[in-house]
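User: I would like to learn how to read a sheet and a cavity in a protein model. Could you take me through them step by step?

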Amino acid sequence: MARLSPDNVTLAREIIARYPRPKSALIPLLHLAQEQDGWVATDAMEHIAQLVGVSPAEVIGTCSFYEMFKREPVGTYLVNVCTNISCLLLGGEELLEHVEHTLGVRAGGTTPDGSFTVEDVECIAACTEAPCLQVNYRYRHRVTPEGFDQLVEDLRAGRLAEEIPPHGTLARIRQRVPAERVAGPASPVGGGEPAWLASRPAPPPEKVK
Amino acid sequence: MTVTDAPKIITGRFGHDDAHTLERYLATGGYDGLRAALDRRPDEVVQEVKTASLLGRGGAGFPAGVKWGFCPPGVWPRYLVVNGDESEPGTYKDRLLMERDPHQLIEGILIACYAVGCAQAFLYVRGEMALAQERLAAALNEAYEAGYVGRGILGTDFSLDIVLHWGAGAYIVGEETALIESLEGNRGMPRLKPPFFPAAKGLYLQPTIVNNVETLSNLPWIASNGGTAFAELGAETSRGTRMFAVSGHVRNPGVFEVEFGVTTFRDLLYAPVYGGGIRGGAALKAFIPGGASAPWFYEEHLDLPLEAGVVGKAGSMLGSGAVVVMDETTDVVKACLRLVRFFARESCGKCTPCREGTSWLEKILQRIHEGQGRASDLDLLLDISDNISPTIDWPPKQTTICPLGPSAVSPIASAITRFRHEFEARIGAPAPVTVAIAGNAYTAAPATPAPAEPEVAGV
């Protein structure tokens, strides 16, 4: 499966052009592949290696370091339950148990119909809203067992399709820089003092008499 | 209770539902700070930030203006990398700033780059924060269209691209050199300092400033109101205001912007407008004053002011502004295990003491938690801790490249020092401790349970 589509190749080239060195675009391109397929396939990594100009081994080296990149298919909805300290104190583990029970899979597993994958995750920065979870990285705060059951029902019925896109899609708004506004990437070699510093020099330090 | 009427420097727009739009931002003084900065020379803006004594809000608390000054003169280009990878357990503030007031952060980035002479900025947002990424993308698109970002900003010769970039799930990337590695497309493993201090050899080995989201969000106010006005707030070693996330067993968990130095932990935990007291009227057992990496505080520390220097002398840190409150019902062994498991999971694997040590610490705590602990286990935990962070003291020493390993030692040293009887109860036998914690050694279990009476705060 799954080299990048022609549209995504165009987008990939646009992203690469923003960076002084192409390899910096690796993580954004892996996200793009995951958005396209819901996970990161081997073919996609090889394609990205070509686009960025590194070896496939370097791509998998980077890809395998980061937890969000799934190198096997996961459910349409990734349910990440926080059990770190603030959530632990307010029932995070009990919530995870409830989630596992409701969906019938343990953390790390995917439901047989491919709808849900459950994960036991580290702090997701909603500590004052414990216990919390994310579905495809969209937050749900102060989650009760009943609230979670309702969430599953709504997801299964497609009532949250607008708010929660399928796994792989993060921001649905992309950075777009109008051509006439681009300042351009700053190459790490051969750069000089920026124009605005050169045109406004600091006065020489006062001489000590 | 002290609740000061200090201005809300960075959360002032949070009352508006549309604070993330350019329209609302401009209607509430937005980009005035940038205009004020562009009317001055870059070195004058740097001086203004030095006058403000703005401390970095990421965790280490280093003065931002001083950090900027570490770039070697005459080496170009310089880069700015914005650390929006908020992941320290208990920490919840940068996400709010990015979601609720993205233009304030963008304006802060512009002011910093103008002042330091950075030719390009990279805004590294945590991968798991989809809404923050959307809000920042929308805000950047608006700001480019309106001429605040890009080529020839507001008709001047100041030009800057801000590249929105996001991570993919790794706590360690919040460490500045790991952040740079990640931004170069690599595994997020920290670099050795020296020689790789970012200000000297950072992104692409060029001089690089790495600043936290909250730090940069203060700059528009400082540029508009002056560093002196900022420095008038707070206290000797901490100026201005700071966002604190108060979570755990309090009645009113929340994120509050409070004045540094004047406000105390007691205010933060108990004042009705802040934490509101312990849930259900229970007694306080312990609280973490600055994120999972910070040694724990207790009843006797409540009257300490929120001031970096004072908290440091008392043996902990304000860190990332994450205050986690544990009441008397808290299972200390379990809390300690969960914190240590975090560091074991997030260790990048580069340094042996951390890679091996944190996983062993987790395994030993797990067996104690499950009632399978041994009498020798507390000493074993401390021996491993001592190998990661020699002398188990504060501030921590380290046998590792970065502070992640030593961070796992903080909850262990705190929990064993204060609640040793709880570990022994779980083990079912006295557990002798011979490894010294910060020079304090025991040879046998104390005859009576560890001290529960609070001592008078010593500062």
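Analyst: Please keep in mind that this is a predicted model. Strands of a sheet pair through backbone hydrogen bonds, either parallel or antiparallel. In chain A, four strands form an open sheet with mixed pairing, and their order is β2-β1-β3-β4. Strands β2 (116-121) and β4 (138-140) of chain A stand at the edges with a single partner strand each, so one side of each has no neighbour in the sheet. From one strand to the next, the twist averages 25°.

User: In which sense do β1 and β3 of chain A pair, and what packs on the sheet?

Analyst: Strand β1 (residues 77-82) and strand β3 (residues 133-135) of chain A are joined antiparallel by three bridges, and A:V79 has A:V135 of β3(A) as its bridge partner. Helix α6 (residues 92-103) of chain A packs on the sheet, where it touches β1, β2 and β3 of chain A, and its direction makes about 155° with that of β1(A).

User: How many residues of strand β1 in chain B are buried?

Analyst: A residue counts as buried when its relative accessible area is under 20%. For strand β1 (residues 78-84) of chain B, seven of the seven residues are buried, so the strand is largely enclosed by the rest of the structure. B:R78, B:L80, B:V82 and B:G84 point one way from β1(B), while B:Y79, B:V81 and B:N83 point the other way.

User: Which strands pair with β1(B)?

Analyst: β1(B) runs parallel to strand β2 (residues 118-125) of chain B, and seven bridges join them, with B:C118 as the bridge partner of B:R78. β1(B) also pairs in the parallel sense with strand β4 (residues 208-212) of chain B over five bridges, and there B:V81 has B:V210 as its bridge partner.

User: How many cavities of 30 Å³ or more does the structure hold, and what lines the largest cavity?

Analyst: Rolling a probe the size of a water molecule over the atoms shows where empty space is left. The structure holds six cavities of 30 Å³ or more, and the largest cavity has a volume of about 280 Å³. Its lining has 16 residues, of which A:I15, A:R18, A:P28, A:R174 and B:W166 lie nearest the centre. The largest share of this lining, four residues, comes from α2(A); by class, the lining of the largest cavity has nine nonpolar, four polar and three charged residues.

User: What is the volume of the second largest cavity, and which residues lie nearest its centre?

Analyst: The second largest cavity holds about 180 Å³ of space, and of its 19 lining residues A:E67, A:E122, B:R126, B:E128 and B:G169 lie nearest its centre.

Methods:
Residues are numbered from 1 along each chain as its sequence is written. Chains are lettered from A and ligands numbered from 1 in the order in which they are written. This is a predicted model: local features need pLDDT of at least 70, side-chain atom pairs count only at pLDDT 80 or more; totals for chains, interfaces and linings use all residues. Side-chain values use heavy atoms; hydrogens and water are left out. Two strands pair if DSSP finds at least two bridges between them. Helices (H or I, at least four residues) and strands (E, at least two) are DSSP runs, numbered from the N terminus. Axes are lines fitted to C-alpha atoms, for helices over the stretch in contact, and angles run from 0 to 180 degrees between N-to-C directions. Contact means heavy atoms within 4.5 Å. Buried means under 20% relative accessible area, exposed over 50%, partly exposed in between (1.4 Å probe, protein chains only). On a 1 Å grid over the protein atoms alone, a cavity is a set of points where a 1.4 Å probe fits but cannot get out, and a pocket is an open set with protein on both sides within 12 Å along at least five of seven lines; lining residues have an atom within 4 Å of a point. Grid points are joined across faces, edges and corners, and a volume is the space filled by probe spheres set on the points. Ala, Val, Leu, Ile, Met, Phe, Trp, Tyr, Cys and Pro count as nonpolar, Asp, Glu, Lys and Arg as charged, and the others, Gly among them, as polar.
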